[in-house]
Amino acid sequence: MCIRDRSTQSTGSRMTDIKNIFTRKTLFHQHFDAQTKQLENYKTLLTSTFAKGTPVDTRTRARILACCWTRKDFDFASTLTKRSCNPVDKNCYSFSEIYFALKLLDYNKMINNLKKRVENSKNTKIKRTMRKKIQKLSKEGVTAKGVNTTVTKWVCSWLINLKEQHLIYFLEHYPIKHWKSFAKIVHCNSSYFSVPWFFDLVFGAENDKIPPNLILYKKKAIAPK
């Protein structure tokens, strides 16, 4: 009878789990655990996945980034976001990934707010809906307490390096309301954009430097909800 080396088998199993983590539906806590326990293997396999051109889901890429921020590994985060603003690259990091990663870090705050609403609400249907939201958010297993100052500075640094054509591309492909939410999370203002009028456009403010072809987005920004 052939007896396999159990230590080798165990290591191989873990490697397979990490490899699959980029191509199947996953949660924050799975990426955080993998980055914490097997960072080098994780990086190697992620690099290989990107190099092969294997698409990694937008939200998975966001979870990878959010875990980097939570672990305070800003070098890894910067390496990831160098793959930015390239429409040909299926795994590039754009506004969508940065925004969802920020939202993930705020999940525990959102859970606490929902719990308070459940306690204060007398409507059974509303309570049931909010409890389902709490359950869904809790499944991610986010360990961060929120978006801290260091993350905010990192995001603002990423933001200020975006060129005008990239900002316009993001504006055309992502809802104005997401930009508003993004700005509130990181507390940014017009000085954080390579073109200051972009901030005024998002919030519907007056600025005669806004290109005429983008006035439509200004109208969307000030439209009643």
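1. **Ground rules.** This is a predicted model, in which local features need pLDDT of at least 70 and side-chain atom pairs count only at pLDDT 80 or more, while totals for chains, interfaces and linings use all residues. Residues are numbered from 1 along each chain as its sequence is written, and side-chain values use heavy atoms, with hydrogens and water left out.

2. **Overall fold.** The protein chain has 13 helices and zero strands; helices (H or I, at least four residues) and strands (E, at least two) are DSSP runs numbered from the N terminus. Of the 225 residues in the chain, 43% are buried, where buried means under 20% relative accessible area, exposed over 50% and partly exposed in between (1.4 Å probe, protein chains only). Take the contacts (heavy atoms within 4.5 Å) between residues at least 6 apart in sequence: 66% of them join residues at least 24 apart.

3. **Surface.** The protein chain exposes about 13400 Å², and carbon and sulfur atoms supply 52% of that area. Accessible areas come from the Shrake-Rupley method with a 1.4 Å probe; for residues, only the protein chains shown count as cover.

4. **Helix α7.** Spanning residues 107–120, α7 has 14 residues and reaches 20 Å from its first C-alpha to its last, close to the 20 Å expected at 1.5 Å a residue; the expected span is 1.5 Å times one less than the number of residues. Its buried residues are Y107, I111, L114 and V118. Seen down the axis of α7, these fall within an arc of 65°, so they line one face of the helix; the arc is that of the directions from the helix axis to the C-beta atoms. They pack against α6 (95–105) and α8 (124–139), whereas the face turned away from the buried side carries the exposed residues K116, E119 and N120.

5. **Aromatic pairs.** The structure holds 16 aromatic pairs. Rings of Phe, Tyr and Trp (its six-membered ring) pair if their centres lie within 6.5 Å; planes under 30 degrees apart count as stacked, over 60 as edge-to-face and the rest as tilted. The rings of F95 and Y99 have their centres 5.6 Å apart and their planes at 10°, so this pair is stacked. F95 and Y99 both lie in helix α6, four residues apart, about one turn of the helix, and both are buried. F193 and F199 form a tilted pair, 6.2 Å centre to centre with 45° between the planes. Ring pairs link these residues into a cluster whose members include F95, Y99, W179, F193, W197 and F199.

6. **Cysteines.** How many disulfides are there? The count comes to zero, a disulfide being a pair of cysteine sulfur atoms within 2.5 Å. For C156, the nearest cysteine sulfur is that of C188, 5.7 Å away, too far for a bond. C156 counts as buried at 6% relative accessibility, and C188 is buried too, with a relative accessible area of 7%.

7. **Positive phi.** Two loop residues deserve a look. K72, not a glycine, has a positive phi near 65° and sits in the loop between α4 (58–70) and α5 (74–80). K72 is exposed, with a relative accessible area of 65%. H187, also not a glycine, has a positive phi of about 55° and lies in the loop between α11 (176–186) and α12 (197–202). H187 is exposed, at 62% relative accessible area.
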